[in-house]
Amino acid sequence: MSKQKIAVLVSGSGSNLQALIDAVNAGSIKGQIAIVISDSLDAYALQRAEKQVIPTICIDKKACKAEGEFDALLMNSLAAVKPDLIILAGFLSILPCELVAEYKGKIINIHPSLIPAFCGKGFYGEKVHRAAIEYGVKVSGATVHYVDENTDTGPIILQKTVEVSEDDTPATLAKKILPMEHSLLVKAAELYCDGRLELDGRKVRIL
Ligand code: GRF
């Protein structure tokens, strides 16, 4: 397969983006990161991209006051790149449904729990881990999934589990799970770019 063009959407520190950059540089992901788009001006992820001379766009959510302004800017930014794969790497904004429809089967997201647990609207970052600990689960983990028109409900690509200890706090659980997110997201991007993911309804087969 020819090199896939990847767009990475970020909102925060960009440690997942960094894992993708390192894997592209090492040649394990047969693709190139053509653009990094942030919805936040102070996302450190932007600096990580700039260090690698990867084009960046910041669509500052706070500055987009008009109805639909953010969505239109995001759609136009992606239309200019025409990515083969869009990766949500800690991206906190909800995608416009027309974008999800246009790129159906080409958008993947990393979530820091075992979906369908502790996911959906309002479940992001440490809130996810707090909910898992308060519920008393014995295992948690990370999930990479396709993005569909709802939040965290698309077909699951990969998952990995981690033991939740008695004395875990949201911060210590986050620390355990973050490296897993990195390895799962890189693995999913590798498989996607190698054409080894087969989507069949809700089922994802790895060829
Ligand atoms: C991480 O906590 C992860 O669970 C979620 O976004 C947060 C920031 O990730 N996906 P990153 O360091 O910006 O990649």
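**Exercise 1.** Which helices each supply at least two residues of the shell around the ligand?

*Solution.* The model is a predicted one. Start with the residues that surround the ligand: Gly 12, Ser 13, Gly 14, Ser 15, Asn 16, Gly 90, Ile 110, Pro 112, Leu 178 and Glu 181. Next, compare these numbers with the helix ranges. Helix H1 covers 15-26 and helix H6 covers 170-193, and each of these two supplies at least two residues of the shell. Ser 15 and Asn 16 are in the list and fall within the range of H1. Leu 178 and Glu 181 are also listed, and their numbers fall within the range of H6.

**Exercise 2.** Sort the shell around the ligand by residue class.

*Solution.* The shell has 3 nonpolar, 6 polar and 1 charged residues.

**Exercise 3.** Describe the polar side-chain contacts of the ligand and how far the protein covers the ligand.

*Solution.* Take the side chains in turn. An N or O atom in the side chain of Ser 15 is 2.6 Å from an oxygen atom of the ligand. For Asn 16, the corresponding distance to a ligand oxygen atom is 2.8 Å. A polar side-chain atom of Glu 181 lies 2.9 Å from an oxygen atom of the ligand. Then turn to the surface: the ligand taken alone exposes 360 Å², and the protein buries 83% of that. Finally, the space that the ligand takes is the largest pocket.

**Exercise 4.** Describe the protein chain as a whole.

*Solution.* First, count the elements: the chain has 6 helices and 9 strands. Its radius of gyration is 16 Å, close to the 17 Å that the globule rule gives for 207 residues, so the chain is as compact as a globular protein of that length. The C-alpha trace spans about 50 × 45 × 35 Å along its principal axes.

**Exercise 5.** What backbone features mark Pro 116 and Phe 118?

*Solution.* The peptide bond from Ile 115 to Pro 116 is cis, with omega near 15°. Pro 116 is in the loop between strand E5 (107-111) and helix H5 (126-135). Phe 118 also has its place in the loop between E5 and H5. Although Phe 118 is not a glycine, its phi is positive, at about 50°. Most residues other than glycine have a negative phi, and most peptide bonds are trans.

Conventions
Residues numbered from 1 in each chain as written. Predicted model: local features only at pLDDT ≥ 70, side-chain atom pairs only at ≥ 80, totals over all residues. Heavy atoms only, no water. Near = heavy atom within 4 Å. Polar contact = N/O pair within 3.5 Å; in protein donor to acceptor, adjacent residues only side chain to side chain. Areas by Shrake-Rupley, 256 points an atom, 1.4 Å probe, with all protein chains shown as cover. 1 Å grid on protein atoms, 1.4 Å probe; cavity = no way out; pocket = protein on both sides within 12 Å on 5 of 7 lines; lining within 4 Å. Sits in = over half its atoms within 2 Å of the grid points. Helix = DSSP H or I, 4+ residues; strand = E, 2+ residues; numbered from the N terminus. Nonpolar A, V, L, I, M, F, W, Y, C, P; charged D, E, K, R; others polar. Rg over C-alpha atoms; globule rule 2.2 N^0.38 Å.
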